[in-house]
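Here are a few friendly notes to read alongside the model.

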Amino acid sequence: MGHLMLYALLGTCISAGVALVPALHIYNIAGIALLFDQALLGVMTPEELAFVFLGMVTGYAVLNTVPGVLLSVPDESTVFLMLPAQSYLRQGRAYEAIVLSGIGALGGLSVLLGLAPVASRLARC
């Protein structure tokens, strides 16, 4: 299980670069990766590829706020985040908006990690 987390971390690193490019969505990268599916299966198993995709989606969801706030190029998935962030940007507090978004994302991740054992017990019932 530990090596799968490394693949999720790899996906997060990939999404860090993708999130900083406006108009490039993580699903574009996932689609390209699926085109080369047979070549990738020689390098990693389907389970490892799934963890790379999981890391890419999670990392993109958190890191997409940076270009959305600073460059004012939000996509449809960040419209509700951008309304307050644009207000912060006009006040010269864009960095604070990004930090608050990151804190919220880490808080949500903490809640999900805390509920994971409960969910696994409920799934066994």
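1. A word on surface first: accessible areas here come from the Shrake-Rupley method with a 1.4 Å probe. For this predicted model, the accessible surface of the protein chain comes to about 8,100 Å². Carbon and sulfur atoms hold 74% of that surface.

2. On the overall layout, the protein chain has seven helices and zero strands, giving the pattern α-α-α-α-α-α-α along the sequence. Its C-alpha trace spans about 50 × 40 × 20 Å along the principal axes. Of its 125 residues, 27% count as buried. Among contacts with a separation of 6 or more, 59% join residues 24 or more positions apart.

3. Do look at the largest nonpolar core, which has eleven residues, including V18, I26, M44 and F53. Two or more residues each come from α1 (2–19), α2 (26–35) and α4 (46–63), and α4 gives the largest share, five residues. A33 is also one of the core residues; leaving aside residues up to four places away in sequence, A33 touches L40 and F53. Apart from this core lies another, of six residues, among them M82, A94, A97 and I98.

4. The pairing of α6 (residues 79–90) with α7 (residues 94–124) deserves a look too: their axes come within 7 Å and cross at roughly 150 degrees. The crossing is right-handed. On the α6 side the contact is made by L81, A85, Y88 and L89, and on the α7 side by A94, E96, A97, L100 and S101. These contact residues divide into seven nonpolar, one polar and one charged.

Definitions and conventions
Residues numbered from 1 in each chain as written. Predicted model: local features only at pLDDT ≥ 70, side-chain atom pairs only at ≥ 80, totals over all residues. Heavy atoms only, no water. Axes fitted to C-alpha atoms, helices over the stretch in contact; angles between N-to-C directions. Helix = DSSP H or I, 4+ residues; strand = E, 2+ residues; numbered from the N terminus. Left-handed = near helix turned anticlockwise from the far one by under 90°. Contact = heavy atoms within 4.5 Å. Nonpolar A, V, L, I, M, F, W, Y, C, P; charged D, E, K, R; others polar. Core = buried A, V, L, I, M, F, W, Y, C linked by side-chain atoms within 4.5 Å. Buried < 20%, exposed > 50% of the residue type's maximum accessible area, 1.4 Å probe, protein only.
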